[in-house]
Amino acid sequence: MIQKILVTAAIALLPLSVALAQSTSAQNLPRADVSTEAMVALCQSRTDLEAQTFCYGFGEGVYQTYELNLDPKAPKTVCLPAAGVARDVVLAEFIQWALANPQYNKDKAAATVIRYLPIKFPCKG
């Protein structure tokens, strides 16, 4: 299931990655198979608009892929609050969590996001 999510996320994000990579100011963006460590390093820069946009899009793409690939018979593991969440807050909290969990540094960033989401946004009841 996670592999299917990762593949779908990578495919969904490919056009964004190509467009950003072609931008002259987006030379520091990661490859498609980026590690958690590389993604965190990129996303920590609060002043690099292109990097922040890439990180927001990457996270949103991983989450939407999770939603699209849910087995209707399986219980949800990620439940966002009804009021929604601010993407900059979620990104900052993900970075803090990833830095506190360096055992995932070499894992693919999308796999680590999938690991993080149920911890941050568990389904209750």
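Predicted model: local features only at pLDDT ≥ 70, side-chain atom pairs only at ≥ 80, totals over all residues.
**View 1. The disulfide of Cys 43 and Cys 55.** The sulfur atoms of Cys 43 and Cys 55 are 1.9 Å apart; a disulfide is counted when two cysteine sulfur atoms lie within 2.5 Å. The link is left-handed, with -100° about the S-S bond. Cys 43 belongs to helix α2 and Cys 55 to helix α3, so the bond ties together parts that are 12 residues apart in sequence. Helices are DSSP runs (H or I, at least four residues), numbered from the N terminus. Both cysteines are buried, that is, under 20% relative accessible area, where exposed means over 50% and partly exposed lies in between (1.4 Å probe, protein chains only).

**View 2. The disulfide of Cys 79 and Cys 123.** Here the S to S distance is 1.9 Å. The torsion about the S-S bond is about 95°, so this disulfide is right-handed. It links distant parts of the chain, 44 residues apart: Cys 79 sits in the loop between α3 and α4, and Cys 123 in the segment after α5. Cys 79 is partly exposed, at 28% relative accessible area, and Cys 123 is partly exposed too, at 30%. Counting bonded cysteines along the chain, the disulfides follow the pattern 1-2, 3-4.

**View 3. The largest nonpolar core.** This core has 28 residues, and Met 39, Phe 58, Phe 94 and Leu 117 have the most contacts inside it. A nonpolar core is a set of buried Ala, Val, Leu, Ile, Met, Phe, Trp, Tyr and Cys residues joined through side-chain atoms within 4.5 Å. At least two residues come from each of α2 (36-43), α3 (49-68), α4 (87-100) and α5 (109-120). The largest share, eight residues, is supplied by α3.

**View 4. The buried face of α2.** Thr 36, Met 39, Val 40, Leu 42 and Cys 43 are buried in this helix. Seen down the axis of α2, they fall within an arc of 165°, so they line one face; the arc is that of the directions from the helix axis to the C-beta atoms. The cover over the buried residues of α2 includes α3, α4 and α5.

**View 5. An aromatic cluster of Phe 94, Trp 97, Tyr 104 and Tyr 116.** Six aromatic pairs are found in the whole structure; rings of Phe, Tyr and Trp (its six-membered ring) pair if their centres lie within 6.5 Å, with planes under 30 degrees apart counted as stacked, over 60 as edge-to-face and the rest as tilted. One of the pairs is Phe 94 with Tyr 116, edge-to-face at 5.3 Å centre to centre and 75° between the planes. Phe 94 lies in helix α4 and Tyr 116 in helix α5, 22 residues apart, and both are buried. Trp 97 and Tyr 104 are stacked, at 5.6 Å centre to centre and 15° between the planes. Trp 97 and Tyr 104 are both buried.

Conventions. Residues numbered from 1 in each chain as written. Heavy atoms only, no water. Contact = heavy atoms within 4.5 Å.
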